[in-house]
Structures are given as C-alpha cells and as structure tokens.
Amino acid sequence: MEPRRTPLYDFHLAHGARMVPFAGWDMPVQYADGIKAEHLATRAAAGLFDVSHMAQISLSGQGAGAMLERLTPTDIDAIADGRVRYSLFLNDQGGVLDDLMIARHDNQLQLVVNAGRADHDIDLLRASLEESVTMEVRTDLALLALQGPSAAAVLQRLGADLDGFVFMQIRDISIAGISCTVTRSGYTGEDGFEISVPAENARKLAALLADDADVTLAGLGARDTLRMEAGLPLWGHELDETINPVAAGLRFALSKRRREAADFPGAGPIMTDWTDGASYLLTGLLPQGGRPVRDGAELTHDGTIIGKVTSGGFAPTLDAPAALGFVDAALAVPGTELMAVSRGRETPVMTAALPLVPHRYVRS
C-alpha cells in the first residue's frame, strides 16, 4: 500500500524535507539544517511541525461522554467546555492501548489519536458506538504544531487573539484571517499550540507561519528528541498493552472520581499499583562517557537484568546522550548507577528525574 500524504506534502518537498514512511504516511523526518538545529531552534524560538498524520475524531450526541468513559479512566463530565484532557484507552489488564487528547468544544468531544494507532482506535470507538452517538473522522482537516517560547508571539503577529488562553484550553481562533481550532498544548515540553485547520488552507497557513523569522520547520526527528527530553511517552516505547499508567508515570491521567469508583478498564491491576506501587517505573537515563544507548538495550545492576531502555539517543538541549527506560522500582531513584547492555557492549548509565529538560507550559 502506498503511504498516505498530508495536505503539506508538496510544501515539505519545496522546503527540502527528507521524507520517510511513518505509520502509513510519507512524513518529513528533517529539513536541510538537520535534527539538532531544528530541536534547538524549537527550544530557543519556535518550531513548526506537520502532525496531520494524527487522526482527528469528533463525537457528538447524548451518550458520547458515557461511551468514552467505558474506554478510558477519564471523568469526561468534568471536562468543561473549552478544556482539553490527556487520556488513555485501556485494556482489561490495565495496559495502554493508546494515549490521546480529549477536548470539549462546539458541543462535541474532539479527539486526537496517534497515527500508528488510528485504525485501531477508530475501530475501538466504532465498536462502542450507540445509536445516539455520532462519530466523524475528520479527514477534511490538517493539524500543525507550533512549539516553543516564541510560538505565542508568532501567532499574535498574525492577528491571533490569545488573551486568557492557557495550557490545555481549546478555542476557535482566526490566524491571518484563516479560521482554525487551536489547543494550547503540544509534545515538546515547551509552550505551544496545535492548530486544526481546513485541509485546503493548510499550505497557506504553514507558509505564513514559516515566513516568520522566529519559526523553523521541524520534522519527526526533532519531535522525537524534544519529547524524549521532556519525558513524554511514545506508544510502542514507553506505552503498550502490557504497560500500565502508574508504571509509566501517568497517575495524573486517572481522574479522581474514576479511581474512587474503580469503574474503568483494568481498574483492578492499576489501582493495586496505585496503592502498593508498581514493580517497575519509568525513569530518565543519562549515559556516561558520551556514547548513546538505544531502544531495547537491557539495563543491569550488579549483573542482574532489572529493566530496559525504551527510547534513547542524543539530547541536543543537554548536549549529551539521554534515554528513557523502565527499571525495578527500588532502583528508580535519581543517581542510581546502572549498566546498559547491547550486543555484549556495556555503557554506564545513571538514573535521572523526569523531565530531563523542564517543561515551560503557560498555565496562567
């Protein structure tokens, strides 16, 4: 099957992107200046990412909230109009089927799910539909992420009204006369915005944003290094059907009312770990000596395997290698010395608190 293309495919080619297949899509992994330059530009000013491969889904009608509650640990009724919540699709064993964003806006619940799990998630939702609920997969929309400390100023220079608009809110905003639905959120740890725009206007909007001197085009490579530094999980790495939210450091995604009722998928094992502590925990890892460690490397302590690396590489902000991984809970204390072992080669690593680079969300 030929990879799908986002509405910005030709825009990426015109700007010198190196395209790669990703989750069934042709996507830019980097542009001419490279991943490190794009990463640092996002931390210093603003990076513009095409994330149109992620699925945008709307649910409306009586019972939409109850339907989502049967699949997630989120108190859907507590999501006020104009707010966004991070959530999880869970299985009965407490494992994570996917992570997603849920917003209440325009009399709908609006979801954004991962590209690599979109077909799974759409099937899951369809299988749960009731007659009173309408679901629409919004193939008519593109999605841009503008991330970094200058992102707000860039949008304001294009006429966007951001007054009182803070982290995890959603609103309709006109950007240079283009009607968009914007959330103040992202996947980099920086302040930023995810901009849902009609597909036919995506290239015009991307060009306007890219013309700002503070904006650097950025691809999937920088998106991955930024989220790793920020300690944000990626499905298939820090999340999968066998990993529960407590172990992955996602206690905040379990709403209080749902915890107390224990009425969500996998509540039994998840709440046991909530109360007693998970046997393994996600932690930051800092390789010693300048050599990166990669996904899948075993982690050992005194010669015993006690975990594995889930994401690893070079962290441009730290100017050093870094990684994420799961380790036995007793060893998930910052400063613990471990060994990463891959193909018989050992690299000393030290555990570190997450995030490795502090978040800079605008909360007020």
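**Figure 1. The second largest cavity and its lining.** The residues lining the second largest cavity divide into five nonpolar, one polar and two charged, where Ala, Val, Leu, Ile, Met, Phe, Trp, Tyr, Cys and Pro count as nonpolar, Asp, Glu, Lys and Arg as charged, and the others, Gly among them, as polar. The model is a predicted one, in which local features need pLDDT of at least 70 and side-chain atom pairs count only at pLDDT 80 or more, while totals for chains, interfaces and linings use all residues. Residues are numbered from 1 along each chain as its sequence is written, and side-chain values use heavy atoms, with hydrogens and water left out. A cavity is a set of points, on a 1 Å grid over the protein atoms alone, where a 1.4 Å probe fits but cannot get out, and lining residues have an atom within 4 Å of a point.

**Figure 2. The largest cavity.** About 40 Å³ of space lies in the largest cavity, a volume being the space filled by probe spheres set on the grid points, which are joined across faces, edges and corners. Among the residues that line the largest cavity are Leu-8, Tyr-31, Leu-144 and Leu-217. Strand β4 gives the most to this lining, with three residues, and by class the lining has eight nonpolar, one polar and one charged residues.

Figure 3. Arg-157 forms a salt bridge (a side-chain nitrogen of Lys or Arg within 4 Å of a carboxyl oxygen of Asp or Glu) with Asp-212, their closest N and O atoms being 2.9 Å apart. Arg-157 lies in helix α5 (residues 151–157), whereas Asp-212 lies in the loop between α6 (199–210) and β14 (215–217), 55 residues apart. Asp-214 also meets Arg-157 in a salt bridge, at 3.0 Å from N to O; Asp-214 lies in the loop between α6 and β14, so this pair ties together parts that are 57 residues apart in sequence. Asp-212 is buried, with a relative accessible area of 15%, and Asp-214 is partly exposed at 28%, where buried means under 20% relative accessible area, exposed over 50%, and partly exposed in between (1.4 Å probe, protein chains only).

Figure 4. Arg-227 and Asp-224 both lie in helix α7 (residues 220–229), three residues apart, and their closest N and O atoms are 2.9 Å apart.

Note on methods. Helix = DSSP H or I, 4+ residues; strand = E, 2+ residues; numbered from the N terminus. 1 Å grid on protein atoms, 1.4 Å probe; cavity = no way out; pocket = protein on both sides within 12 Å on 5 of 7 lines; lining within 4 Å.
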